[in-house]
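The notes follow the sequence and the model, grouped by topic.

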Amino acid sequence: MESFGSRLHRATAERGPLCVGIDPHPGLLARWGLPDSVEGLRRFAETAVEAFGDRVAVVKPQSAFFERFGASGVSVLESTIRQLREAGSLVLLDVKRGDIGSTVSAYASAYLDPSSPLYVDAVTASPYLGVGSLAPMFDLAATHGGGVFVLALTSNPEGASVQRAVSPDGRTVAQTVIDEISQLNSGVKPLGSFGLVVGATIGETGHDLSTVGGPLLAPGLGAQGATAADLRTVFGTALPWVLPTYSREVLNAGPDVAALRAATDRVLAECRAAVEGGN
């Protein structure tokens, strides 16, 4: 199977460097005039897919907002994944899973095995039991052409106390994560399948992203305060690998499909100017 990195490289070349989230939290359901129920969840997700599933390279459903409705919500998530695939977008499921041994293997099977009803192109993962603990995810992703985005430098203020802590070898925890993911992508062209999550709001950090060789998911744009212009400050020479991601900035335009499409087109133009124009 073609690698996730290759598929992502082609998708961003064709549709532009943009990931849009589907985050149906209660406040957004209310803003759209929808009930905080499984039916409201279904209508929200279907509208989002109609609006931008055929327009952007990657769509990122946030699993928690589906899971909170139990089995019925997960059923909506499965349907949303299928609809996004039919629309031609890559699906990045935001689950931030992380564990050890058989448990992380089970998470890998749930999301990265084509036989699973929750099978997606890529997932987010937490490395704080050690990057090596995620090996079953990396292995299954490699086998089936999937991708894994590992948390490195997140935009929440609490993250710094862990991510910027310094290890005995003088590197921060985040730099250790960056370096280990870089090794997994070493020598892979045009783009590695293992990426990092680096918040667009964090500014200049002094961390070296220049050898990652894989995609850099950049949340925090739009409603969280960062602009596309901030990407150069955060990523520097790694800018060509950045996948900017917006959620509320686009979703707040709903539920009108035309308004959602207009918001998508606007942020995509900003991302093109920042990422492609800066190369």
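Lys96 is placed in strand S3, where helices (H or I, at least four residues) and strands (E, at least two) are DSSP runs, numbered from the N terminus. Its phi is near 50 degrees, a positive value in a residue other than glycine. Lys96 counts as partly exposed because its relative accessibility is 40%; buried means under 20% relative accessible area, exposed over 50%, and partly exposed in between (1.4 Å probe, protein chains only).

This is a predicted model, in which local features need pLDDT of at least 70 and side-chain atom pairs count only at pLDDT 80 or more, while totals for chains, interfaces and linings use all residues. Residues are numbered from 1 along each chain as its sequence is written, and side-chain values use heavy atoms, with hydrogens and water left out.

**Strand S3 and Val91**

- Val91 lies in strand S3, which spans residues 90–97.
- Val91 counts as buried because its relative accessibility is 1%.
- Not counting residues up to four places away in sequence, Val91 touches Val59, Pro61, Ile81, Leu84, Arg85, Val120, Asp121 and Ala122; contact means heavy atoms within 4.5 Å.
- From C-alpha to C-alpha, Val91 and Met1 are 16 Å apart in space, and they are 90 residues apart in sequence.

**Helices H3 and H5**

- Helix H3 (residues 38–52) packs with helix H5 (residues 71–87) at an angle of about 10 degrees, and their axes are 10 Å apart. Axes are lines fitted to C-alpha atoms, for helices over the stretch in contact, and angles run from 0 to 180 degrees between N-to-C directions.
- That angle makes H3 roughly parallel to H5; angles under 35 degrees count as roughly parallel, over 145 as roughly antiparallel, 65 to 115 as roughly perpendicular and the rest as oblique.
- On the H3 side, the meeting residues are Val38, Leu41, Arg42, Ala45, Glu46 and Val49, and on the H5 side they are Ser72, Gly73, Val76, Thr80, Gln83 and Leu84.
- By class, this contact of H3 with H5 has 6 nonpolar, 4 polar and 2 charged residues. Ala, Val, Leu, Ile, Met, Phe, Trp, Tyr, Cys and Pro count as nonpolar, Asp, Glu, Lys and Arg as charged, and the others, Gly among them, as polar.

**Helices H6 and H7**

- The axes of helix H6 (residues 101–112) and H7 come within 8 Å of each other and cross at roughly 30 degrees.
- H6 is therefore roughly parallel to H7.
- The crossing of H6 and H7 is right-handed; a crossing is left-handed if the near helix is turned anticlockwise from the far one by less than a right angle, and right-handed if clockwise.
- Gly101, Val104, Ser105, Tyr107, Ala108, Ser109 and Leu112 in H6 face Pro136, Met137, Leu140, Ala141 and His144 in H7 as contacts.
- The residues of this contact of H6 with H7 divide into 8 nonpolar, 4 polar and no charged.
- Met137, Phe138, Leu140 and Ala141 are buried residues of H7.
- The cover over the buried residues of H7 includes S3, H6, S4, strand S5 (147–153), helix H9 (173–185) and strand S6 (194–198).
- After H7 comes Gly145, with a positive phi near 75 degrees.

- Ser133 sits in the loop between strand S4 (122–125) and helix H7 (135–144).
- Ser133 is buried because its relative accessible area is 13%.
- The side chain of Ser133 reaches the backbone oxygen of Asp99 at 3.4 Å. A polar contact is a pair of N or O atoms within 3.5 Å; within protein, one must be able to donate a hydrogen and the other to accept it, and residues adjacent in sequence count only if both atoms are side-chain atoms.
- Gln163 lies in helix H8 (residues 160–163) and counts as buried because its relative accessibility is 6%.
- The side chains of Gln163 and Tyr128 are joined by a polar contact of 3.3 Å.

**Loops and cis peptide bonds**

- Gly33, in the loop between helix H2 (26–31) and H3, is exposed because its relative accessible area is 60%.
- The peptide bond from Lys189 to Pro190 is cis, with omega near 0 degrees, and Pro190 is in the loop between H9 and S6.
- Gly254 and Pro255 are also joined by a cis peptide bond, with omega about 10 degrees.
- Pro255 is in the loop between helix H11 (248–251) and helix H12 (257–276).
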